[in-house]
Amino acid sequence: MSKKSNRSIIKSKKMPVERFWETKSLDEMSRPEWESLCDGCAKCCLHKFIDDESTTDEMDLMPTTHITESEQMSYSSIACHLLNDKSCQCSKYEQRTELVPDCVQLTQDNLDDVFFMPTSCTYRRLKEGRGMPSWHPLLHNGKKSAMHQAGMSVRGKIVKDNDVQLEDFEDYIVLWPLHDID
C-alpha cells in the first residue's frame, strides 16, 4: 500500500468522541475538558449594552458585573479589536485580560456570574441542562465549519471596535447573537 493511500485511510477514520459533557457536571471537568467546551463562536467578544434609563452619561460605557430585572441587554456587531474575524479566535489570547481589562475569563467558579453569555453558548447550554449544540466542533472532529455554516459564529458579521466611532455604537445593535438553532 502506498503512503498516500495509507494516509487517506487514516484520515477517513473518525475517532469516536468521548462525550464527557454527558457524564460529568461542569464542576467535575478537568481544565482541558472545560476549555474544549468553548465552541469558538466569539459571541462573547461582542460589545453588549445595557439599556437602563437611570444611567448617566459618565457611567454610560462603564463595565458592569450584573444586570437587574428592569434592565435589558443588547448585543452589537462590534467586536473586540483583538478578535481574528476569520478564525473567531483572540489574536492575543494569553494576554487578553491585560490588554483588555474588561475581558472575562470564563471559569467553573464564575459561570453563574457571567450573565452576558448568549443563549447559544455551550457553557450556558450545559449549565441550563440543554446539552451540546449539534454544530459544536467537538461533534465535528474539532472543526468549526458546521458552526460557521449554521451561522452560529461571528464570522462575516462584525466590525472591530477600533473601526467604529463611540457615538455610532448604538447603530450596530443586532439580534443575531441571540439566535440558537437547537
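Is Tyr123 buried or exposed? In this predicted model, Tyr123 has a relative accessibility of 6% and therefore counts as buried, the cut-off for that class being under 20%.

**Aromatic pairs**

A search of the whole structure finds three aromatic pairs, and two of them are described here. The rings of Phe20 and Trp21 have centres 5.2 Å apart, and because their planes stand at 80 degrees, where over 60 is required, the pair is classed as edge-to-face. Tyr123 belongs to another pair, with Trp34, in which the ring centres are 4.4 Å apart and the planes meet at 40 degrees, so that this pair is tilted. Trp34 lies in helix H3 (residues 31–36), whereas Tyr123 lies in helix H5 (residues 122–127), and the pair therefore ties together parts that are 89 residues apart in sequence.

| Residue | Relative accessible area | Class |
|---|---|---|
| Phe20 | 6% | buried |
| Trp21 | 7% | buried |
| Trp34 | 0% | buried |
| Tyr123 | 6% | buried |

**Charges over rings**

Aromatic rings also take part in contacts with charged side chains. Arg96 lies over the face of Tyr93, at a distance of 3.9 Å from the ring centre, while the charged end of Lys157 sits over the ring of Trp176, 4.7 Å from the centre of that ring. Both placements rest on a distance to the ring centre within 6 Å and a direction within 35 degrees of the ring normal.

Conventions:
Residues are numbered from 1 along each chain as its sequence is written. This is a predicted model: local features need pLDDT of at least 70, side-chain atom pairs count only at pLDDT 80 or more; totals for chains, interfaces and linings use all residues. Side-chain values use heavy atoms; hydrogens and water are left out. Rings of Phe, Tyr and Trp (its six-membered ring) pair if their centres lie within 6.5 Å; planes under 30 degrees apart count as stacked, over 60 as edge-to-face and the rest as tilted. Buried means under 20% relative accessible area, exposed over 50%, partly exposed in between (1.4 Å probe, protein chains only). Helices (H or I, at least four residues) and strands (E, at least two) are DSSP runs, numbered from the N terminus.
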